[in-house]
Amino acid sequence: PMFSLLSSALAFAPAGPAPMRGSSIVMGAKSPSLPFLEAPKALDGKMAGDVGFDPLGLAERAGPQGLTWLREAELKHSRVAMLAVAGYLFTDLGIHFPGASYAGLSSLNAHDAMVESGNMKVLLMVVGVLELIGGLALYEQYEGSGRPAGDYFFDPLGYAADKDIEDLKLKEIKNGRLAMIAFSGIVTQAALTGKGIPYF
């Protein structure tokens, strides 16, 4: 009786995995930054700071020319964010342009004060000219000029001649990414607390 109970119970047990004959599972390389996802095909590690992070697949959808445009945008935002973090901190430390209209301004209220005084119009014109020049360079790059993303041939300190230029590019993009996050955090903390450095 005991063997009959055991044999009937085994009849309902799930079968083990069937042996695989003549088939193999082909898995793509995993992303270094997200090891549970496949590495993006469009990101081959040649660009500075490329660690295979593209969970939305933007690089592949953009294509080779679009990928250059995305890198150009990332570099531009990185450079502006690095300047913005420094400017925000310097202003809150009390370092201002000379003149009574700049005295006593905090970084948080400086924008509104500059709009009211009309100084933002001058800044808008300067930025407009720079964006026009950048847009022309980007158009030529899109047409196949071979200009690397973010290279505006502006190198007064001669860093481009450095033999470790790839290391410098990696440092720039890493610091720029950090600055984009840092600026968001600084402004948010300053707005929430209404206080200057250290913003709590």
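## Fold, core and salt bridges

The model is predicted. Of the 200 residues, 18% count as buried, while the accessible surface comes to about 14,900 Å², of which 69% belongs to carbon and sulfur atoms. Among contacts between residues at least 6 apart in sequence, 46% join residues at least 24 apart.

The largest nonpolar core has 7 residues, namely Ala 81, Val 85, Tyr 88, Ala 179, Ile 186, Ala 190 and Tyr 199. The elements that contribute two or more residues to this core are α2 (58–92) and α5 (165–193). Ala 190, leaving aside its neighbours within four places in sequence, is in contact with Tyr 88, Leu 108, Lys 195 and Tyr 199.

The structure also holds 8 salt bridges, and the table lists some of them.

| Salt bridge | N to O distance |
|---|---|
| Arg 71 and Glu 74 | 3.3 Å |
| Lys 76 and Glu 131 | 3.1 Å |
| Lys 171 and Asp 167 | 3.3 Å |

Arg 71 and Glu 74, by contrast, both lie in helix α2, 3 residues apart, about one turn of the helix. Arg 71 counts as buried because its relative accessibility is 9%, whereas Glu 74, at 23%, counts as partly exposed. Lys 171 and Asp 167 both lie in helix α5, 4 residues apart. Salt bridges that share partners join Arg 71, Glu 74 and Arg 177 into one network.

Methods:
Residues are numbered from 1 along each chain as its sequence is written. This is a predicted model: local features need pLDDT of at least 70, side-chain atom pairs count only at pLDDT 80 or more; totals for chains, interfaces and linings use all residues. Side-chain values use heavy atoms; hydrogens and water are left out. A nonpolar core is a set of buried Ala, Val, Leu, Ile, Met, Phe, Trp, Tyr and Cys residues joined through side-chain atoms within 4.5 Å. Buried means under 20% relative accessible area, exposed over 50%, partly exposed in between (1.4 Å probe, protein chains only). Contact means heavy atoms within 4.5 Å. Accessible areas come from the Shrake-Rupley method with a 1.4 Å probe; for residues, only the protein chains shown count as cover. A salt bridge is a side-chain nitrogen of Lys or Arg within 4 Å of a carboxyl oxygen of Asp or Glu.
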